[in-house]
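Reader: I would like to go through the wording used for this model, one term at a time. Please set each value against its cut-off.

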Amino acid sequence: RRKHAVPPKKLSVRRNRYASLIEGAARRYNLHPELLHAVIRAESAYNPSAVSSAGAIGLMQLMPATAARYNVSDIYDPAQNVRGGAQYLRFLLDMFEHDLRLALAGYNAGENAVVKYGNRIPPYPETQKYVRKVMQFLWAERSSAGS
């Protein structure tokens, strides 16, 4: 595990640091930048060296297997991490016929969990809370973008 500079305290400063990178990944994978911002805020609060108890890493909290699936060679590199996460989100949105809640549930619990429960949000409290949280952050992103 590499040493990284301590991220700035203010979320807005961390958010702005990665805004152009997020815009680029959103364009490349035909996603709304607000969605990527909402996922990153929920996943890592814009901390590129975040590591979850489950072993997910970086801004978009990619699992090593997901990173490998999307050819992310350096999971700690913000550009690669966001690209891999955006690619995975695009895959999930396409898989679940653009149902954002199912795509987010798949991002959190894995697409097989969503399929296992009949293309519904799995009955895992963490996943249900995650979907609500990202949707709230997305609503906030859209509200501030519109003002």
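Reader: Which residues of α5 are buried, and what makes them so?
Author: In this predicted model, L100, L102, A103, L104, A105, G106 and Y107 are the buried residues of α5. Buried means under 20% relative accessible area, exposed means over 50%, and partly exposed lies in between (1.4 Å probe, protein chains only). Because 7 of the 10 residues of α5 are buried, the helix is largely enclosed by the rest of the structure.

Reader: What is the model's basis, and how are residues counted?
Author: It is a predicted model, in which local features need pLDDT of at least 70 and side-chain atom pairs count only at pLDDT 80 or more, while totals for chains, interfaces and linings use all residues. Residues are numbered from 1 along each chain as its sequence is written, and side-chain values use heavy atoms, with hydrogens and water left out.

Reader: Why is T127 called buried?
Author: T127 has a relative accessible area of 2%, and buried means under 20%, so T127 is buried. T127 is placed in helix α7, residues 125–146.

Reader: What does A109 contact beyond its neighbours in sequence?
Author: With neighbours within four places in sequence left aside, A109 is in contact with P122, Y124 and T127. Contact means heavy atoms within 4.5 Å. The C-alpha atoms of A109 and P122 are 7.9 Å apart, although these residues are 13 apart in sequence. T127, for its part, touches A105, N108, A109, I121 and P122, residues up to four places away not being counted.

Reader: Which residues of α2 and α5 meet?
Author: L35, V39 and E43 in α2 meet L100, L104 and Y107 in α5. These residues divide into 5 nonpolar, no polar and 1 charged.

Reader: Why is a radius of gyration of 14 Å said to agree with a compact globule?
Author: The radius is taken over C-alpha atoms, and the globule rule is 2.2 Å times the number of residues to the power 0.38. For 147 residues a compact globule would have a radius near 15 Å, so the 14 Å of the protein chain agrees.

Key. Helix = DSSP H or I, 4+ residues; strand = E, 2+ residues; numbered from the N terminus. Nonpolar A, V, L, I, M, F, W, Y, C, P; charged D, E, K, R; others polar.
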